[in-house]
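Colleague: I am new to reading models like this one. Please pick out a part and take me through it slowly.

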Amino acid sequence: MDGMVPLQKQILDYTASLFQEGYLDDQFNQLQELQDESNPDFVVEVVTLFFEDADRLLNELSKALVQESIDFRRLDAHVHQLKGSSSSIGAQRVQRVCISFRNCCQEQNIEGCLKSLQQVKHEYSLVKTKLETLFQMEEQLVAGRG
């Protein structure tokens, strides 16, 4: 049990750094507050659904941007959906990049859209890795208590 205290502190410090570095916002805290004994995997389940949705949307966006004739309204709808789902889990940096991506869609700026897609992919990849790390640490903590 004594080995758990440093791990708990490590989890708290790591989580705090995700907020300080702007990866997460208060929405993530609100998500955690919905988790309880009756649903101990709530946050992991919601975030996993976000990962699946984001992967699908990023794939759709990539395909849409290589078309000969780009449907900017459809592109914007996909970005809007990604912005909403990233906002719902508190993935602040992904959400912010989606806002500028949507501006490029509305301006029908192909270069801006391509650049924004790369930024979204980058920020998404970072937050996904960081959240997976957090969940692994929490899993270790639970396993140590078991």
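Modeller: Start with Cys113, which counts as buried at 0% relative accessibility. Buried means under 20% relative accessible area, exposed over 50%, and partly exposed in between, with a 1.4 Å probe and protein chains only. Keep in mind that this is a predicted model: local features need pLDDT of at least 70, side-chain atom pairs count only at pLDDT 80 or more, and totals for chains, interfaces and linings use all residues. Residues are numbered from 1 along each chain as its sequence is written, and side-chain values use heavy atoms, leaving out hydrogens and water.

Cys105 is buried too, at 3% relative accessible area. The closest cysteine sulfur to that of Cys113 is in Cys105, 4.0 Å away, too far for a bond. A disulfide is a covalent bond between the sulfur atoms of two cysteines. Here it is counted when the two sulfurs lie within 2.5 Å. The whole structure has zero disulfides.

Now helix α1, residues 4-20. Helices are DSSP runs of H or I, at least four residues, numbered from the N terminus. α1 has 17 residues and reaches 24 Å from first C-alpha to last, close to the expected 24 Å. That expected span is 1.5 Å times one less than the number of residues.

Which residues of α1 are buried? They are Met4, Leu7, Ile11, Tyr14, Thr15, Ser17 and Leu18. Seen down the axis of α1, they fall within an arc of 155 degrees, so they line one face of the helix. The arc is that of the directions from the helix axis to the C-beta atoms. These buried residues pack against α6 (110-145); contact means heavy atoms within 4.5 Å. On the other side of α1, Val5, Pro6, Lys9, Leu12 and Gln20 are exposed. Just after α1, Gly22 takes a positive phi of about 80 degrees.

Conventions. Helices (H or I, at least four residues) and strands (E, at least two) are DSSP runs, numbered from the N terminus.
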